[in-house]
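Biologist: Could you walk me through this model and tell me what stands behind each label? I would like to set every value against its definition.

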Amino acid sequence: MANQFLRRSSTSGGVPKGHCAVYVGESQKKRFVVPVSYLSQPLFQDLLAKAEEEFGFDHPMGGLTIPCKEDVFVDLTSRLRRSS
């Protein structure tokens, strides 16, 4: 699912201004680029809390890693997009 709000990216290329890259998945991590505005949303903050519990500040992918299934992440971000 690629659109202006959520982009899955297989490269480590640049991230547009106002966005951040996150790695999502349980075993195989996929890179997504999301608006930084998502970081302040309660649903997204729940994911960040899980990431903190699992990884602390040592993220194995070199970027923010979120330990959840890809389909759950896509569903959550689509709800955030509809509410903004």
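What follows is a conversation about confidence, the nonpolar core and the aromatic rings.

Modeller: Gladly! This is a predicted model, in which local features need pLDDT of at least 70, side-chain atom pairs count only at pLDDT 80 or more, and totals for chains, interfaces and linings use all residues. Residues are numbered from 1 along each chain as its sequence is written, and side-chain values use heavy atoms, with hydrogens and water left out.

Biologist: What is the mean pLDDT of the chain?

Modeller: The mean is 79, and 75% of the residues reach 70 or more; pLDDT is the predictor's confidence in each residue, from 0 to 100. Helices (H or I, at least four residues) and strands (E, at least two) are DSSP runs, numbered from the N terminus.

Biologist: Over which residues does pLDDT stay under 50?

Modeller: Over residues 1–5, for which the model has 11 contacts beyond four places in sequence, a contact being heavy atoms within 4.5 Å. Where pLDDT is low, the predicted coordinates should not be read in detail.

Biologist: Why is Tyr 38 called buried?

Modeller: Buried means under 20% relative accessible area, exposed over 50%, and partly exposed in between (1.4 Å probe, protein chains only). Tyr 38 has 4% relative accessibility, so the residue counts as buried. Phe 44, at 0%, therefore counts as buried too.

Biologist: What makes a nonpolar core, and which residues have the most contacts inside the largest one?

Modeller: A nonpolar core is a set of buried Ala, Val, Leu, Ile, Met, Phe, Trp, Tyr and Cys residues joined through side-chain atoms within 4.5 Å. The largest has 13 residues, and those with the most contacts inside it are Val 22, Val 24, Phe 44, Ile 66 and Phe 73. At least two core residues come from each of β2 (19–24), β3, α1 (42–55) and α2 (70–83).

Biologist: Why is the pair of Tyr 38 and Phe 44 called tilted?

Modeller: Rings of Phe, Tyr and Trp (its six-membered ring) pair if their centres lie within 6.5 Å; planes under 30 degrees apart count as stacked, over 60 as edge-to-face and the rest as tilted. Here the centres are 6.3 Å apart and the planes at 50°, so the pair is tilted.

Biologist: How many aromatic pairs does the structure hold?

Modeller: Three. One of them, Phe 32 with Phe 73, is tilted, at 5.1 Å centre to centre and 55° between the planes. That pair links strand β3 to helix α2, 41 residues apart.
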